[in-house]
Amino acid sequence: MSFYQEMQDAGAELIAEFGQPVTIKRKAISGYNPHLGAVTTSTTETQQGIAVLSDMKLVGSGQAYADGSLVEIGDKSITLSAKGLTFVPTTGDTISDVNGAVWKIINVKETNPAGTPVVYNLAGRR
């Protein structure tokens, strides 16, 4: 086992201890009718993961949430364990938490030293 796989395991253990189970969903369009201008068929990929959800924090003092800013009131910071995921989450996917809230992923940052994903830092919006 490499050092980075050990880091992935350690991260997964910490997220499991302080986090919650989540469901990640990706909707894929598999058919489109240009004459109707409509999707004819779509599929949904689903996977289970473990994540820590927390409120977004602004850096520096005196800053506030504002219309037109990248961070909106209610946005969540989601730290998702990479261990065991079958697909990498991407913008537009959704995450459902244990309370049934659904968060649309609006940003993804991957911690991936030496080609071994450890965690995904996501921004979620309802």
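**Close-ups of rings and a pocket**

The structure holds 1 aromatic pair. This is a predicted model, where local features need pLDDT of at least 70, side-chain atom pairs count only at pLDDT 80 or more, and totals for chains, interfaces and linings use all residues. Residues are numbered from 1 along each chain as its sequence is written, and side-chain values use heavy atoms, with hydrogens and water left out.

View A. Phe-3 counts as exposed because its relative accessibility is 52%, while Tyr-4, at 30%, counts as partly exposed (exposed is over 50% relative accessible area, buried is under 20%, partly exposed is in between, using a 1.4 Å probe and protein chains only).

**View B. Arg-126 over Trp-103.** Here Arg-126 lies over the ring face of Trp-103, 5.1 Å from the ring centre (the rule for Arg: CZ within 6 Å of the ring centre and within 35 degrees of the ring normal).

**View C. The largest pocket.** Its volume is about 210 Å³ (a pocket is an open set of points on a 1 Å grid where a 1.4 Å probe fits, with protein on both sides within 12 Å along at least five of seven lines; the volume is the space filled by probe spheres set on the points). Lining residues, which have an atom within 4 Å of a point, include Met-56, Asp-75 and Lys-109. They divide into 6 nonpolar, 3 polar and 3 charged. Strand β6 gives the largest share, 4 residues, and β5 (102–111) also supplies at least two (strands are DSSP runs of E, at least two residues, numbered from the N terminus).

Terms used. Nonpolar A, V, L, I, M, F, W, Y, C, P; charged D, E, K, R; others polar. Phe/Tyr/Trp six-rings, centres within 6.5 Å; stacked < 30°, edge-to-face > 60°.
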